[in-house]
Amino acid sequence: MTSMPGSEMRKPRGLPRSHDACATSGFCRVGCRGCQGLAANADVAERPGGTSGGSGRPGNRKRGPARERSRGSSGVSDRAGAAGVRLPGYGGQQMPGVPHSQYGVYNGPVPGHQQPAPPQGYFPSLGLPSKGSPVSLNSDTSSLAPNFIGPLRTPPTSGAPPPTSGAPLPVGQPAYNQFGQGDVQNGIPASAVQMQRPSVSQPFIPGSTPTSISQLSSFQQYGPSPTSAQQLTNHMARMTIGSVPTSAAPPAGLGYGPSTSVSPASGSFTATGSGLYTPYSSSQGPPPASMTHGLPPTSLSQGVPLAQPAFSGLPLSMQRLPSQGPGYAPPPSSTGIGPSNYPSTTGAPRPSTMQSPPLSGQALAGLPASQPNHLSSPPPPQQAMSGPHPGPPMTGLQGPPPPPTHPSQPGYQIQQNGSFGQVRGSQPNYGGAYPGTPNYGSQPGPPPPPKRLDPDSIPSPIQVIEDDRNNRGSEPFVTGVRGQVPPLVTTNFLVKDQGNTSPRYIRCTSYNIPCTSDMAKQSQVPLAAVIKPLATLPTEETPPYLVDHGESGPIRCNRCKAYMCPFMQFIEGGRRFQCCFCSCVTEVPPHYFQHLDHTGKRVDFYDRPELSLGSYEFLATVDYCKNNKFPNPPAFIFMIDVSYNAVKSGLVRLICEELKSLLDYLPRGGNLEESAIRVGFVTYNKVLHFYNVKSSLAQPQMMVVSDVADMFVPLLDGFLVNVNESRTVIASLLDQIPEMFADTRETETVFAPVIQAGLDALKAAECAGKLFIFHTSLPIAEAPGKLKNRDDKKLINTDKEKTLFQPQTNFYNNLAKDCVAQGCCVDLFLFPNQYLDVATLGVVTYQTGGSIYKYTYFQLETDQERFLNDLRRDVQKEVGFDAVMRVRTSTGIRATDFFGAFYMSNTTDVELAGLDCDKTITVEFKHDDKLSEDSGALLQCALLYTSSAGQRRLRIHNLSLNCCTQLADLYRNCETDTLINYLAKYAYRGVLNNPVKTVRDALINQCAQILACYRKNCASPSSAGQLILPECMKLLPVYLNCVLKSDVLQPGPEVSTDDRAYIRQLVTSMDVAETNVFFYPRLLPLTKVDVDSDALPAAIRNSEERLSKGDMYLLENGLNIFVWVGVNVQQGLIQNLFGVSSFSQISNTMSTLPILENPFSKKVRSIMDMLQAQRSRYMKLIIVKQEDKFEMLFKHFLVEDKSMSGGASYVDFLCHMHKEIRQLLS
């Protein structure tokens, strides 16, 4: 029997007027037509963990791996909301079962409302009726079971005041626990008092309240009410979601109601640039989400609107692992959801709502227990809390809530709709009553537009970062234990090397890897390591020790050539050792022999870095050098474009002035008093000019090579010189260059011959080195490597878009190969005023391990600071030349794929003409055999390189990982930041050969498979309407959405082709900390700065609704620093920071803040200096006044919002992910 839209609502025949018996017992009577069809599901809905369906009492639950308290968790249960309740499928596919209560749990009183006393038999600590007393779920509120908790709250409709505390609770009015379910707080921090939570054995298990069949009420039907739950499911499954405008920005902390901006996500990630979600029509509410946090899984119950029939309840619970510390505020509980906006007919019988069972280990907020099928309007945002309080909707509540009156949980602010802290004002467009509302005290009115999910109730990056800092920032990270997950990259911590390498050198996507390839394929979690071999350490940490074994060189395994490390096993009294990578036994050379102690360790264990530390260096012997001879010290060659654009902009003069002083700061290897690096100079336009700066000359000499088709270096002696010896000649040259070319009219340039000239010079000098090329325009002059302008925006979102990322010609690939063979690294400084073809010009830089810097529309006054800082750092930083890196693994896995700026001539060796301290190489591993939980897995990264002093060295990093046979262990030991770093690099390489849409879809699909596998294999059974995220991966959706919205994968119209190619190359070499802030920028409220403290103000989430017109904010993403000034900022603050008296006088062309002698100015400038020091590039300062031309650029970085180029908001994307996961599971 099905119900059709538009037909009348009829009471089904045979349905008892009152379901007393069914409701009280929690079971359907035989022949009860009203509940028929769902009886089959009663078992599922009521089985708590491991009990059989029946009494609704908790049974002896088996403790599976997913329930164990794991890393970062103080959550005990891994489900949230109405576990066990299933919801209808998306897009029409049938999902058996029922949705949750439409409103989810209550989250605290309205300020000023007193807490009603709980009814008898109700335990506030659990939010549940007493044991063995199932909730009565009646179809008629006139007949209530003795322990009935009460009807679902209806919207306040009359002016009657709320009941005061101490007043007897009216029959049928729900009693509520003040605190919600969960312990992750994503809103404004509440008090640091730890929430009192029942012990593991105590809490009611989800489902222990009989989740009775009648819990259907979250839907408002079109047409007549279906007569059974089964029909209702069928009825809903056929619905489609319409569309509604999504423009209204939600206020900052609205409750979790239906979303105004959320739309179905199916098909939304189109490559057309629109990427728009189909929004809901005004008559259909998107299903909002209710969430609970902080529990073992992050389960986001399906209130997030998705392309599917509207339903409510999407509690989000998260697998929270043990590291939770004090200060960890309780999470917004499973939050209330507004009703769906379906017009209903008066007088239709209403299925009752099921009471959401609590999450084990946490208090359950009181749940509405019964709800009419034709419920009137939802409670307004601030009031989605209490029972049917009469009275007008309470809107516009501002400011922090009053302290809670609940006696047992002191110190927490009242929760408003699932968010802690400040109560927000009413949501624009929130409506009042719904049409056809009978006898509930509210007047009929037009249906309101749908409400919006409360962003405070979904996982917050800021909260996760803050929690990790609080929990793990104070103690040093000791690396002695295998498979330890390090603190997040955003946490400041010290590392003590005790046998495994520091996470500053290697970070992994998971520190516990599956034992079999089948398990790895099932989880879809990529097994990868992001390796930064020459990373700079903080001054408090010791750099790797240098070990010199003399002429015999490092000790290695005979078979696999792995280097001696702490995991090698010495046997036979120390005369032989067994390799930990391949198990081969090798003789210990006599000079290296040492006795073993009673534990089997060598007695010199602590005296030898290679036996006791995770990272160290060996001095390489001549066998490790090219042509069996030690290398010469490297050379730097500065190659300056002197065409018309470069001279006119003042760039040439600026470079020459800077080099005069900068040459005193060349890197020194070891403890040398002066640098061993030699320098040379070339200028060029259509021809090349070489300079002889030999120390014996009075003046420099210029030699011109005009035959660029057959490049050669016209001089050997005097081209590469020692800076100190030739100082006066070099200074004279740098003074003369700007004058020589001051009147040039040459606009054309060459490019490939410039690299060829530098390469030939290094070959002639028999050394490795680096070319610093300063270049301004597309090389269109007749010469090898000549390029044409192929920029074509019309290719975007077509199958030919990939050609924009590919080089125009193979000429540069061949040139790069020659450079790598010589150890010639190319750093490129670009100053374009128009299209330059970065995709082609960057090939040599990319493959030689160099860096690209780009200053579009370079102007001295605004870009000088940034360029000079970048140049200084680039010249001074530590670089390894002529490098080869190999990653060895223990039996069972092997390195199969590599990402980064390098060249590979075979499948194992990563070749780098240069590798600096900022570059990473990302390595993916695959199984080639089974692994064992006992022995784990080992990685050894060995980098052979020439130091800036000309010394040949080997740097070794070792890391041991755990192996697991349970998927839950894999998911418990993942690191999302590293995972995103890998996925971004994987996607950015993918655009070279695939349409961008294909790449985006593949990313979404892989992410959905990762989360679906967790849901299917690790999370406790729960409603299909819940989105359940592993604790370690609860930020995967928000970060992945940032990658999908990035300029490479979804460019806005203002993003140039060159910018996309530049960003693509940049990200490919970034470390985990850089990709973290690049994809999810840091946003700091400057007006909250404490001028007397060294601490930064607490960061806020990247959303426009978090900004206040009366504040100033700083946003940094590793490339830019924005200072956003609201129109209502106090005049005194403007005067203190900018030195002007009013908002209108602030200049947005300033590239640095004025140096003013007041505490606020000093503090803000010190914050900027600190941020600049953390980043590998100098960030450009951009002043943004609210509502000025730069604000669109600033908003582009508010990544939780919908982007102008069609990228989804965080809330929308979460819905989309949920839909994808459900499709995979079904």
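**A walk through the chain, starting from a buried arginine**

The backbone oxygen of Ala1024 sits 3.4 Å from a polar side-chain atom of Arg1222. The model is predicted. Arg1222 belongs to helix α23. Its relative accessibility is 2%, so Arg1222 counts as buried. Leu1027 is 195 residues away along the chain, yet the two C-alpha atoms are 8.7 Å apart.

Step back to the whole chain. The protein chain has 1226 residues, and 64% of them count as buried. Its secondary structure comprises 23 helices and 32 strands. Take the contacts with a sequence separation of 6 or more: 76% of them join residues 24 or more positions apart.

Next comes the nonpolar interior. In soluble globular proteins, nonpolar side chains tend to be buried together. The largest nonpolar core here has 117 residues. Leu688, Phe690, Ile773 and Leu1049 have the most contacts inside it. Helix α16 supplies the largest share of this core, 11 residues. The core also draws on two domains, with at least three residues from each of domain 1 (461–545 + 882–1044) and domain 3 (634–877). A second, separate core has 42 residues, including Ile640, Val679, Val693 and Leu733.

Neighbours within four places in sequence are set aside. Leu1049 then contacts Ala987, Tyr988, Val991, Val996, Val999, Arg1000, Leu1003, Val1043 and Leu1044. Two of these contacts, Val1043 and Leu1044, are buried residues of helix α17.

How many of the residues of helix α17 (1036–1044) are buried? Nine of nine are. The packing partners are α4 (461–472), α15 (976–990), α16 (996–1017), β28 (1026–1029), α19 (1072–1079) and α23 (1210–1225).

An α-helix has 3.6 residues a turn, so residues three or four places apart point the same way. In α9 the buried residues are Val729, Ile730, Ser732, Leu733, Leu734, Ile737 and Pro738. Among the elements that cover them are α8 (651–662), β15 (678–684), β16 (688–692) and β18 (721–722). Leu733 is also a member of the second core.

Now turn to the strands. In a regular strand the side chains alternate between the two faces of the sheet. Strand β8 (residues 528–531) is covered on both faces. Ala528 and Val530 are buried on one side, Ala529 and Ile531 on the other. Strand β6 (residues 506–508) pairs with β8 in the antiparallel sense over three bridges. Within that pairing, Arg507 has Val530 as its bridge partner. Strand β25 (residues 921–927) is also antiparallel to β8, joined by four bridges. Here Val530 stands opposite Thr922.

Follow Thr922 onward. Strand β23 (residues 893–899) pairs with β25 in the antiparallel sense over six bridges. Thr922 is the bridge partner of Phe899. Strand β23 is mostly covered, with five of its seven residues buried.

Asp1071 lies between α18 (1057–1068) and α19. Is Asp1071 buried or exposed? Its relative accessibility is 12%, and therefore Asp1071 counts as buried. Its side chain reaches the backbone nitrogen of Ala1073 at 3.2 Å. Residues up to four places away in sequence aside, Asp1071 touches Lys532, Thr920 and Asn981.

Ser1176 lies in the loop between α21 (1159–1174) and β32 (1180–1185). Its relative accessible area is 15%, so Ser1176 is buried. Its side chain makes a polar contact of 2.5 Å with the side chain of Glu1074. Leaving out residues up to four places away in sequence, Ser1176 touches Arg873, Asp918 and Glu1074.

Terms used
Residues are numbered from 1 along each chain as its sequence is written. This is a predicted model: local features need pLDDT of at least 70, side-chain atom pairs count only at pLDDT 80 or more; totals for chains, interfaces and linings use all residues. Side-chain values use heavy atoms; hydrogens and water are left out. Buried means under 20% relative accessible area, exposed over 50%, partly exposed in between (1.4 Å probe, protein chains only). Helices (H or I, at least four residues) and strands (E, at least two) are DSSP runs, numbered from the N terminus. Contact means heavy atoms within 4.5 Å. A nonpolar core is a set of buried Ala, Val, Leu, Ile, Met, Phe, Trp, Tyr and Cys residues joined through side-chain atoms within 4.5 Å. Domain bounds come from an automatic or database domain assignment. A polar contact is a pair of N or O atoms within 3.5 Å; within protein, one must be able to donate a hydrogen and the other to accept it, and residues adjacent in sequence count only if both atoms are side-chain atoms. Two strands pair if DSSP finds at least two bridges between them.
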